[in-house]
Amino acid sequence: MSTEQNKTNTNAKLDELDMNREDSSGQFLTTNQGLRVNDDQNSLKAGPRGATLLEDFILREKITHFDHERIPERIVHARGAAAHGYFQAYEPQPELTKAKFLLDPSVQTPVFVRFSTVAGSRGSTDLARDVRGFAVKFYTEEGNFDLVGNNIPVFFIQDAIKFPDLIHAVKPEPNNEIPQAASAHDTFWDFISLTPESMHMVMWVMSDRAIPRSYRMMEGFGVHTFRLINANGKSRFVKFHWKPLLGVHSVVWDEAQLISGRDPDFHRRDLWDAIEGGAYPEWELGVQVVEEEDEHKFDFDLLDSTKLIPEELVPIVRLGKMTLNRNPDNYFAETEQVAFHLGHVVPGIDFSNDPLLQGRLFSYTDTQLKRLGGPNFHEIPINRPIAPVHNGQRDGHMRQTINVGRTSYGPNAINGDSPAQATEAEGGFVSHAERIDANKVRARSKSFMDHYNQAKLFWNSQSPTEKTHIVKALRFELGKVVVEDIRKRMLIHLSQIDTTLATLVGEGLGLEVPSAEGVQLNKSVPADANPADYQSEPAKSTVGSSAALSMAHPPKKGIKTRQVAILAADGVDATQLKSMMNALSAEKAIIGIVAPRVGMLKTSGGETIKIDASLQTTASVLFDAVYVPGGQSSVKSLLQEPDAIRFIHEAFMHCKALAATGEGADLLQAAANGGAESLLSSEGVITSSDTGSEVPQKFIDAIEQHRFWSREKKLV
Ligand code: HDE
């Protein structure tokens, strides 16, 4: 695929990166000292058969650099993919904030966004059942602002001091480093079953949100309550949201597991290809705004990161749009070295006292010191702000800046007291002067003790299909747990959320739901505390639902960038093929011609068409929908390929849109005969025995539905 289009999209940050770009095209090979190398194939030896000489500085330089190529991977969010783009405000927001990038709709603020999984190592699969990171660096003219969020609006724990425990529990077990990128093991569920504050998050992580179809089809959330502050110093609480313009979509768990084998880079590739192909992903940035005086009007605490504000209570105000329009040039230099930190804020944005947020304010810089090797990581090109940097910080490993002059302290008279502190009016950052009057205590607020109501709110808000998927996910995860007491404890917690949920999960585990009577459900209790003070009541039966929490409701938004497989072999009916290809291309879907072999395909009309993948190199799980055109010899060849029948069968089992015209229906029939009896009579399967002129439009409408859940057996 051409990268020309990708490279022409630029912005202030991308231009600034130019000074660090290196292009070897047409150049001589050199050492790191610029010395031209004459022989890079052989080391320097005493005679052609050795020994190798210590003198060989070219060999030593090359090998030494190689030996030091690796840096520690991120302790969490190790695996990711990133892209450049820009953010543009819709309207000036002076009442909400003085942050300049939200005040001027004519300004395009450069951004760099990194998406990630959390638990797996750098080389793990994209399709793990996991939270996804959604970290955005805005290179504003007032300095960098990092919005380091996730694709789930709440978190597992309420206090940062529990983070190492949570992560140690979910990471592979320390004795054998198994399992990779999976929460389905004893230590994770042992911890969770003793930590009821996790239950709301657990419901989200067991839902389809944890297996997104694409990074481009995920929501993003700042999770914590932040503050926006306007030029008059008025502060309001806000929750940040990213809403994808492509809608929110997921895959099914069986599919996720198969994708992990077929293409562990599925999400990375999807993001990369979409941007290379000019289908730039877009999200709207929104905020839920809560006036300071309303801080205590909710039946949960705004400082508790295990709670969300239902959109029915506080609607989202859309502030602007982010577009990702250029891939990185170099994965390590950009995606790996980018360093996010919640403490990177600009005037007009400030923090709340959420104890999880406060702990993060420490952790992110600390971790970069280890990961990137020293205090100068802000000088790494991708981390450099486009705003000028002047201060008295000096030296340290790998310092790049050549600070001139004699002074690196303030106040100073030698350099006219430069660099000067800025007044608030000059853009100096002034922390919000929140009044705090309290005793120093190591404690958890009573207002954080409700652990089940929002878990129930989430459960109540799900469609029957989504509920079924949550039950199946819990059966899978807890089914992999070996210690039976952990399963039982989890069933007790689930029974505090919803008895049907607990019973259904229990059925899958062959267990009755144990009684909660007399059980101390919360073990996350300090030594000297009264456990009774830490117990949460079961969820109230009056908890309602919130439509925004379900993926079933958002309107469907076309089939742009959906991957459609066309199964064909030599002799495929040219007219049917062309008419479907034209219709799909007009809707900006991406077509993949899949045939028994790679190379070129001959149509019935004698034309040749490039095959994109063979049945051996791809699979239905890498596509959103499948079409089989007619053509006697084409379909005859496909019928002899078990992989072609499996392709159809799998797509059907994963509830995807299927279409066939002419003899193409025979392949669907063969898949139906092979164990999917209801295939031809199911929703989302479009066939026509004639040339099927109306089939393309019906197929497009079906792809837009994403999945046909009526094919699945409902548990709820
Ligand atoms: Fe993070 N988190 N986190 N986290 N987090 C990191 O920082 C941490 C939390 C999130 O693409 C680390 O640079 C603590 C919530 C993202 O580079 C580390 C706590 C949310 C990324 C760290 C949390 C996040 C990270 C590891 C509990 C959603 C990837 C590497 C108090 C709002 C950023 C790094 C990227 C990365 C600490 C909880 C999001 C160790 C202590 C809640 C998206 O600093």
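Trainee: Is His-77 buried or exposed?
Mentor: His-77 is buried, because 23 other C-beta atoms sit within 10 Å. The cut-offs are these: 20 or more other C-beta atoms within 10 Å of a residue's own makes it buried, 12 or fewer makes it exposed, anything in between is partly exposed, and the C-beta atoms are placed from the backbone.

Trainee: Before I go on, what kind of model is this?
Mentor: This is a predicted model, where local features need pLDDT of at least 70 and side-chain atom pairs count only at pLDDT 80 or more, while totals for chains, interfaces and linings use all residues. Residues are numbered from 1 along each chain as its sequence is written.

Trainee: OK, back to His-77. Where is His-77 found?
Mentor: In the loop between helix H3 (57-67) and strand E1 (80-89). Those labels are DSSP runs numbered from the N terminus, with helices being H or I of at least four residues and strands being E of at least two. His-77 also has a positive phi of about 60°, although it is not a glycine.

Trainee: And what is His-77 in contact with, leaving aside neighbours within four places in sequence?
Mentor: Ser-116, Val-118 and Gly-133. Contact here means that the C-beta atoms of two residues, placed from the backbone, lie within 7 Å.

Trainee: Which residues does UniProt list as "active site"?
Mentor: The unreviewed UniProt entry puts that feature at His-77 and Asn-150. They are spread over 74 residues of sequence but cluster in space, with a largest C-alpha distance of 10.4 Å. UniProt positions follow the numbering used here, feature names are shortened, and annotations may be inferred rather than shown by experiment.

Trainee: So what about Asn-150, buried or exposed?
Mentor: Asn-150 is buried, with 24 other C-beta atoms within 10 Å. It is found in strand E4. Not counting residues up to four places away in sequence, Asn-150 touches Val-131, Arg-132, Gly-133, Phe-134, Phe-221 and Val-223.

Trainee: Switching to the ligand. Which residues around it come nearest?
Mentor: There are 27 residues around the ligand, and His-77, Gly-133, Ala-160, Val-223 and Ser-363 come nearest. A residue is near a molecule or strand if its C-beta atom, placed from the backbone, lies within 6 Å of it.

Trainee: Which element gives the most to that shell?
Mentor: H10 does, with seven residues.

Trainee: How do the shell residues divide by class?
Mentor: Into 13 nonpolar, eleven polar and three charged. Nonpolar covers Ala, Val, Leu, Ile, Met, Phe, Trp, Tyr, Cys and Pro, charged covers Asp, Glu, Lys and Arg, and the others, Gly among them, are polar.

Trainee: New topic: how is the chain divided into domains?
Mentor: Domain 1 is 85-383, domain 2 is 462-549 and domain 3 is 563-711. The bounds come from an automatic or database domain assignment. The C-alpha centres of domain 1 and domain 2 lie 26 Å apart, and their contact takes 21 residues from domain 1 and 26 residues from domain 2. On the domain 1 side, helix H5 (186-193) and helix H6 (199-205) are the elements that give two or more residues.

Trainee: Why is helix H11 largely enclosed by the rest of the structure?
Mentor: Because eight of the nine residues of H11 (residues 453-461) are buried. Phe-458 and Trp-459 are among them. The buried residues of H11 pack against H6, helix H12 (464-479), helix H13 (484-497) and helix H14 (499-509).

Trainee: How many residues are in the largest nonpolar core?
Mentor: It has 169, and the residues with the most contacts inside it include Val-564, Ile-648 and Leu-668. A nonpolar core is a set of buried Ala, Val, Leu, Ile, Met, Phe, Trp, Tyr and Cys residues joined through C-beta atoms within 7 Å.
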